[in-house]
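I want to know how its parts meet.

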Protein chains: 2
Amino acid sequence: MAEGMEREGIAPRKRPVTLRDVAEEAGVSLATASKALNDQGRMTAETRARIQETARRLGFRPNGLAQSLLRQRSFTVGMLTNDTYGRFSLPLMAGISEALVDNGVSVFLCNVEDDPRLGQLHVDAMLEKRVDGIIATGKRLDRRLPIDLSQLGVPVIYAFTEPDADAIAFVSDDEGGARLAVEHLVRLGRRRIVHVTGPARFAVVHQRAAAYRAVLAEAGLAEAPVMMGDWTESWGREAVDILFSQAADGPDAIFCGNDQIARGVIDGLRERGIDVPGSVAVVGFDNWEIVAAEARPPLTTVDMNLAALGREAGLTLLSLVDGKPVEPGIRKLPCRLVVRQSCGRPPGDQ
Amino acid sequence: MAEGMEREGIAPRKRPVTLRDVAEEAGVSLATASKALNDQGRMTAETRARIQETARRLGFRPNGLAQSLLRQRSFTVGMLTNDTYGRFSLPLMAGISEALVDNGVSVFLCNVEDDPRLGQLHVDAMLEKRVDGIIATGKRLDRRLPIDLSQLGVPVIYAFTEPDADAIAFVSDDEGGARLAVEHLVRLGRRRIVHVTGPARFAVVHQRAAAYRAVLAEAGLAEAPVMMGDWTESWGREAVDILFSQAADGPDAIFCGNDQIARGVIDGLRERGIDVPGSVAVVGFDNWEIVAAEARPPLTTVDMNLAALGREAGLTLLSLVDGKPVEPGIRKLPCRLVVRQSCGRPPGDQ
């Protein structure tokens, strides 16, 4: 008896029946449920009838606005990237997908590399497929994708790439991230902190260096000239050679611009017989698992929270698609410090 | 005068005018040109008229079959992966894109992780968008994607994942790749060759080990027990400890199951004061740039040619979409050896 009631949907419901409820009950995707109830799309007559019957049985009552939105929506979102290597685009995509999948939306990723012709081809294809919106991502905050997305006629969100003016964009707060790293070193009692980082042509190099200088000034510590080189392990090792080749006191902490440099620094120090973290503490940037976790000792590093950034971008795109107003502008999302063993323990943490 | 002739298209043509010629001349995508000539799709009346005029001027004459194929085609292909990390899926995607972009086709990548519900959602979305076909990729040759693709009604190609029976699949020839590595060591005069590799639950571990044993047998050399562990640097270092902790002769060459193990092996040898390649030669597997090129010395390693594999998969899918017959079966594509400095020079190469 109770079972029968449950199956008939007579049990009390706390909230209105949604399209999602109908789709789950009928065992179909949201997109299919939407098409069935709007008499659109390809499916067998049996499937359509079954979904409509399920909606009737559950008491699904789409309101006018929702219905018209459903009609227009394709439940797909296009994602553009020029990050062929995937270091940045894949965590972003994981976050975007996570936000959208729960709303029954699929993400289609296209790689436009740095080729305007490719960019146009893929954006045309996305528009032909009537994606509900586009998320543009990249590998550098100071470079644009090779295509103008300002007049597409669908909502566009920028994430981890340089946006158009008046666009909605999400980027990592690199200054804030660098602050976390240097403040951590100061709090651990380090006094001679140097910064070894990447090439001057990257905007983030200057943002992180500015934060390094600011934190040292606030702590009343002397800054050393910022050492710029490649984003490589070999530059990290070379920097150690430079820093420790003189007889004078070397640094007691090195804040590195990425994890590869930090790994080279750690290897260089170990090979000189200098203890990490005993004599020198090391912090990286990126939290690239494969590099950071296998360092000896494992690397304390700044994580840009790319998956969270992707999730925010995805949810904001959904708001736009739903017709909700979103203020334009660039949102900087906070980084977090991942503490492993390359700096030793914080003083309070015995 | 000559200029005018060229611009009017009166200059002699060696081959029939294709849709691509029309699209390029009109400055639009292939998909747009196709839609314009078939009176389909969204575009302004001016654009449509301009494209049709361009086709007329160039003398474009679609044959009946081509025209009907064009009408049905969407010029998009769906790509599925469960490789969240992107180590394998991104080189594959680069190859697939390269093959398809020249034919005006966009690739939409969806990550299905290992979740059947996600897989169904994304495949449904691709079919709703009427993709011309689907390429299923993965991160292991001995695991299936979490979704049945055997009855989709569009062509499906498998690349670097376990295929359905009777499917068309492209995989790397891991035995052949391992052969390249061990034969290289034998040719260099190494006589005590060991194999340090990943966990036994991976089919490729057994395929590569079989090739290792076969090459040693053919060369009349003694095999050592295959050492299986994790796919990590730390396992590589640990293996060196095991191999060189006894007083007896250690190996003079180590063939590693991946580049991370090889990197650990190289670091372990250096820290024991054992010269690479002087005393011990090391070969890796994967040619993962970031690991292989930064090893000290840089790593000689097997490259699975994933981009070429993706390109073949993409071209084969296009053939299927064009209605050409393709024999089902699994195609093993050759690997190649990338020679850097961890084995020394071949004897003939002075």
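**Entry 1: a salt bridge between the chains.** I began with one pair of residues. Asp267(B) forms a salt bridge with Arg296(A). Their closest N and O atoms are 3.9 Å apart. The cut-off for a salt bridge is 4 Å, so I count this pair. I keep in mind that this is a predicted model.

**Entry 2: the polar side of the interface.** How many salt bridges does the rule find across the interface of chain B and chain A? I looked it up, and there are eight. I then checked polar contacts between chain B and chain A, and the count is 15 residue pairs, both residues at pLDDT 80 or more.

Next I asked which elements of chain B give two or more residues to the side that touches chain A. I listed α3 (30-37), α6 (89-101), β2 (106-111), α7 (116-128), α10 (233-244) and α11 (259-271) of chain B. The largest share of that side comes from α7(B), with nine residues.

**Entry 3: contact and area.** I looked up the contacts as well. On chain B, 45 residues are in contact with 45 residues of chain A. Together the two chains bury about 4300 Å² between them. Carbon and sulfur atoms carry 50% of that area. Three residues stand out in my notes: Arg42(B), Phe108(B) and Lys129(B). They supply 15% of the area that chain B buries against chain A, more than any other three residues.

**Entry 4: how the copies are related.** I laid chain B on chain A and got an RMSD of 0.1 Å. The move is a turn of 180° with a shift of 0.0 Å along the axis. That is the relation of a two-fold axis. Do the copies meet through the same surface or through different ones? I found that 100% of the interface residues of chain B are also interface residues in chain A, so the copies meet through the same surface.

**Entry 5: helix α11 in chain A.** I turned to α11 of chain A, residues 259-271. This helix has 13 residues and reaches 18 Å from its first C-alpha to its last. That is close to the 18 Å expected at 1.5 Å a residue.

At the start of α11(A), I found a side-chain oxygen of Asn258(A) within 3.2 Å of the backbone nitrogen of Gln260(A). Just after the helix, Gly273(A) takes a positive phi of about 75°.

Is α11(A) largely enclosed or open? I noted that 11 of its 13 residues are buried, so α11(A) is largely enclosed by the rest of the structure. Among the buried residues are Asp259(A), Ile261(A), Val265(A), Asp267(A) and Leu269(A).

Conventions. Residues are numbered from 1 along each chain as its sequence is written. Chains are lettered from A and ligands numbered from 1 in the order in which they are written. This is a predicted model: local features need pLDDT of at least 70, side-chain atom pairs count only at pLDDT 80 or more; totals for chains, interfaces and linings use all residues. Side-chain values use heavy atoms; hydrogens and water are left out. Helices (H or I, at least four residues) and strands (E, at least two) are DSSP runs, numbered from the N terminus. The expected span of a helix is 1.5 Å times one less than its number of residues. Buried means under 20% relative accessible area, exposed over 50%, partly exposed in between (1.4 Å probe, protein chains only). A polar contact is a pair of N or O atoms within 3.5 Å; within protein, one must be able to donate a hydrogen and the other to accept it, and residues adjacent in sequence count only if both atoms are side-chain atoms. Copies are superposed by least squares on the C-alpha atoms of residues with pLDDT of at least 70 in both. Contact means heavy atoms within 4.5 Å. Buried area is the accessible area (1.4 Å probe) that two parts lose on being put together, summed over both. A salt bridge is a side-chain nitrogen of Lys or Arg within 4 Å of a carboxyl oxygen of Asp or Glu.
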